[in-house]
Amino acid sequence: MTDGKAYRRDVLKAGGAAAALGVGGSGFLQTLVESEGDQPSASGIESFVGQNDVVQTVCSPNCRGKCPIDVHVRDGQVKKIEPHPPEDEQYKRACVLGLSHTQRVYDPTRLKYPMKRADWSPDEPNPQGRGPDAEFERVSWDEALDLVADKMQSLKADHGAESVLFHEGSGNYGQTGKSFKRLASLFGATQSAWGIDTNVGRGFNRVTGVGAFLPPTNEAEDWENANTIIVWGSDIFSSQFQMDASKVLDAVENGAKLVVVDPVYTTTASKADLWLPVEPGKDVHLALAMMHTVFQDETYDEEFLRKRTTAPALIRKDTGELLEASDVFEDAGENQVVAVERGSGSPVALEPETGGPYALFGEFTVDGVACETALTRLRDHVADYAPEDVAETTGVDAENIRTAIRWLATRGPGGIAPSYAIGRYKHGHVFGQAYAMLMGLTGDYGRHGNIHAHHSGGATLAAGDWASPSDADPGPSLTFPEYPDAMIDGDPHKIRAVYSIESNMMGNQFPDRQRFREAIRSLEMYVVADMHHTDTVQHADIIFPVPHWFEQEDISSGWGSHPHLGYRHKVQEPLWETKDDYFAIRGLAERFGYGDRFPETKRDMLRKLAGRDDDIDFYTLFEQGTQKKESVPIVKYTDEFPTETGRIKMYDDEAPSEEGVTFDVPRPLEDRTADDYEKADEYPLMFMQKHSRFRIHSQYEMLNWVREINPEPQLDIHPKDAKARGIDDGEYVRVYNDRGEMVVKAKYNDAFQPGLVNTDQGWWSRDFVKGHLQDLTHNEVSEVGQTMAFYDVRVAVESAPDDVDTDKYGSDNPRGSSARATPTGGD
């Protein structure tokens, strides 16, 4: 207030003067200010020194944070964001990306209105019109929902409900997915199964009975009790810079040894006591060499092996199967196997969580059947992987291999913390099996200080069967890699329409991008809900504009981070005509005749879901903002293992096989990382796309603050590789293989070993001078892992052609391509 007169800010109320936010360019935030009178500067002064309203909410991208935050709002506009301590204050956390929502909430790439592709209709979909040149027209919400509902019902009548795919990504850690799955289950649609980052967890699961993505691990607050931490394939200090990283540092301050296994000299490696620069794809060789050392040193945990593993279990030499107790004892229990007592040589049935004087090594004959122990079989298998024998293959010094595993085996409790990266090789599931067994040898399960993954388990909202009601008739499911064949070829069944939420996958993030774009062009309808105009949105027929997280109420899980649920309070009303995903889901449910199966409001739905979780009180969560789930165990693996025997499998007699290799014990199997790969000479460089500290997958790509310091994609390349090709630092290069190409700027980077190049993932199409990093990747998956192999890629690199236009990254445009979204009308 100046001279008794108030000056106002644009309050940005829903449906109000928000059209100005469609303006692009670095000065777009200036358009949010409207002043009155003859002293416009007074508005800025008052706003700067005025009183903030503070709203507690939660940041919700697909990262390991799930950070409770305080949002400062003044005159209807978000001004500042800062961390908020959760109920258990030791989990206070936030990152610079989470603090940047002051830009993201008002970014010009935000979607504003429901839209329809101008040349699409339900009867004439014109699929070739999808893509970069597509134009859109504004429609009402009722019209958009009617179009989608009518087309889905028509397809259901003509081709079955399974012809419609409900695709859910991971861009929002609220509860919307449960209502999305509920609608899909009631309709009978095909639903998403996963196909990214599941390799390591699946391999681990075969050994322990648990694990899906990465396996469960002790909560982060316990990590300070670890005496040795082997961070394997994770730059935890760079891409997980919240609580998990700080807890590793707490352990180091307490005297823990930190080992980093990574082909890249990462930020984390720079802080380690020992860095093992493993060659890409050679991780299983390294794990087997560590097992060899444990056997050679006799540092295995005998008590743990006898009590909690199948190490003493007998394997029949004639069949390779475990000797079943029912073949030896009349009163044997189901799934029991047989061990032999030391000294007496008497056979005994193994029960879960029961120790005894069982022989760990040796050959025995029981009832005329020649056998050997599972641990004998494993020891003999790893005898061929002495550190000296694998040093050249792995690129790791033999003595350093021994040092790393000796620390883990002899210094008390510790663990191995892998990331998803190792699972991004085609056969990465084998590593999951290998390190699960390695930690079985060292006895690192069920103790304080044990670590099994590079992020903790956290908490999720337990809602029972709400997402898939018992009276529903759910359709089949498809993993992500199966999508193209189903859409294009009808294998295993024809997908004719897709409804996608919380995902920029099919247009930007999935490998073999051109194949997925061909798959999109085969659809009769593609519906995409998002808050930003992504590459995927540009391929849609119907666009549902979703509000920013600050404009929608929700309960956020703490999965993969901390043992809290968080209440995402609404900070401001939704801008323009954006609507929460639940609005569209319930609107479709009403049109399908399921309206009575969905609570009337989002808050009613959240209250109902919270009421299903005995650990959560809705009103406490609502008022506090966070609530800790006391049922989340700090230490994992304290009970018997959910395997057939109740024990960790040190040998798998029902193991899967592929390409002639059986995984009864871990056996290295490689695809493009193999030394004898048929196209290794033609495409000599391994190509990876590691996580960036500047993005969460493809989120935050548009932010001014980020683009000032990370303006464009680049190719990290060792100077030796670059100079051998006549490539200068900062020169634009063509990166190519038999699948596609991209043009990016070369960046000399000694942190990447010769033979390995990298472009950080998450960039959008508009960011590349030419092509896209996902044009280089493939959609081939292993039979066992069924996981997209983003790192199992080979390329060649050369100087870019002289006629390539790189003006978009001129000095006058530090943000790369314009921030303006492809026009969607309505402004």
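Leaving aside its neighbours within four places in sequence, which residues is arginine 110 in contact with?

1. Some ground rules for this predicted model: local features need pLDDT of at least 70, side-chain atom pairs count only at pLDDT 80 or more, and totals for chains, interfaces and linings use all residues. Residues are numbered from 1 along each chain as its sequence is written, and side-chain values use heavy atoms, with hydrogens and water left out.

2. Back to arginine 110. Contact here means heavy atoms within 4.5 Å. Beyond those sequence neighbours, arginine 110 is in contact with Arg104, Val105, Met531, His532, Val546, Pro547, His548, Glu551, Leu575, Trp576 and Thr578. You will find arginine 110 in the loop between helix 2 (101-104) and strand 4 (115-117); helices (H or I, at least four residues) and strands (E, at least two) are DSSP runs, numbered from the N terminus.

3. Is arginine 110 buried or exposed? Its relative accessible area is 2%, so arginine 110 is buried. Buried means under 20% relative accessible area, exposed over 50%, and partly exposed in between (1.4 Å probe, protein chains only).

4. Now look at isoleucine 81, in strand 3 (residues 77-83). Isoleucine 81 counts as buried because its relative accessibility is 6%. Histidine 101 lies 20 residues from isoleucine 81 in sequence, and their C-alpha atoms are 7.5 Å apart. Not counting residues up to four places away in sequence, isoleucine 81 touches His101 and others, including Ile69, Val71 and Phe550.
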